[in-house]
Amino acid sequence: MDTLLIFKALSNETRVQILEWLKKPDANFGPQLYLPPDSDFKGGICVGSIQEKTGLAQSVVSNYLLLMKKAGLLESRRYGQWTYYRRNDETFMQLADFIKNEM
């Protein structure tokens with residue numbers, strides 16, 4: 001776990017908001033039409049849906065998502081031309097343990 005990269009990813013209000021939205025994807029985003037119904041990537045949200053909700057340019061949102069993925073906060077999966085992201089809850093549990101025990 002790269003805690004410095006995680007804290008860097010969490011230092012931006014929009015990135016934190018995206019993570020909050022992805023905690024409850026069904027409540028914060030509409031149906032994901034291009035996610036195959038038999039997919040094992042439950043909770044995955046398309047980049048376009050995230051971009052639309054933020055109101056930012058797709059390139060900005062893509063860079064934000066890539067940074068959070070490199071930090072381990074997100075997982076991604078590609079289906080055709082669509083890329084879906086979801087929270088990596090395991091990293092959040094490790095981060096919580098780190099803060100509780102090491103800081």
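Start by selecting Tyr34, which is partly exposed at a relative accessible area of 49% (buried is under 20%, exposed over 50%, partly exposed in between, with a 1.4 Å probe and protein chains only). You are looking at a predicted model, in which local features need pLDDT of at least 70 and side-chain atom pairs count only at pLDDT 80 or more, while totals for chains, interfaces and linings use all residues. Residues are numbered from 1 along each chain as its sequence is written, and side-chain values use heavy atoms, with hydrogens and water left out.

**Aromatic pairs**

Three aromatic pairs turn up in a search of the whole structure (ring centres within 6.5 Å, using the six-membered ring of Trp; planes under 30 degrees apart are stacked, over 60 edge-to-face, the rest tilted). Tyr34 and Trp82 make a stacked pair, with ring centres 4.4 Å apart and planes at 10°. Tyr34 sits in the loop between α3 (25-28) and β1 (45-46), and Trp82 in strand β3, so the pair ties together parts 48 residues apart in sequence. Helices (H or I, at least four residues) and strands (E, at least two) are DSSP runs, numbered from the N terminus. Trp82 is partly exposed, at 27% relative accessibility.

Now select Tyr79 and Tyr84. Their rings are edge-to-face, 6.0 Å centre to centre with 70° between the planes. Tyr79 is buried at 18% relative accessibility, and Tyr84 is buried at 0%.

**Two arginines in strand β3**

Next, pick Arg86, which is in strand β3 and is buried at 18% relative accessibility. What does its side chain reach at 3.2 Å? Follow it to the backbone oxygen of Lys42. A polar contact of 2.8 Å also joins the side chains of Arg86 and Glu75 (an N or O pair within 3.5 Å; within protein, one atom must be able to donate a hydrogen and the other to accept it, and residues adjacent in sequence count only if both atoms are side-chain atoms). Beyond four places in sequence, the contacts of Arg86 (heavy atoms within 4.5 Å) include Asp40, Phe41, Gly43 and Leu73.

Move along to Arg87, in strand β3 (residues 82-87). Arg87 is buried, with a relative accessible area of 15%. Its side chain comes to 3.2 Å from the backbone oxygen of Leu19, and a polar contact of 3.2 Å links it to the side chain of Asp89. Leaving out neighbours within four places in sequence, Arg87 is in contact with residues including Leu22, Lys23, Leu74 and Phe92.

**Where α2 meets α5**

Show α2 (residues 13-23) and α5 (residues 58-70): their axes come within 11 Å and cross at roughly 70°. That angle makes α2 roughly perpendicular to α5. Axes are lines fitted to C-alpha atoms, for helices over the stretch in contact, with angles from 0 to 180 degrees between N-to-C directions; under 35 degrees is roughly parallel, over 145 roughly antiparallel, 65 to 115 roughly perpendicular and the rest oblique. Select Thr14, Arg15, Ile18 and Leu19 in α2, which meet Tyr64, Leu65, Leu67 and Met68 in α5.

**Last stop: Ile50**

Finish at Ile50, in helix α4 (residues 47-54). Is Ile50 buried or exposed? At 0% relative accessibility, Ile50 is buried. Not counting residues up to four places away in sequence, Ile50 touches Ile18, Leu22, Phe29, Ile45, Val61, Leu65 and Tyr85. Trp21 lies 29 residues from Ile50 in sequence and 8.9 Å from it in space, C-alpha to C-alpha.
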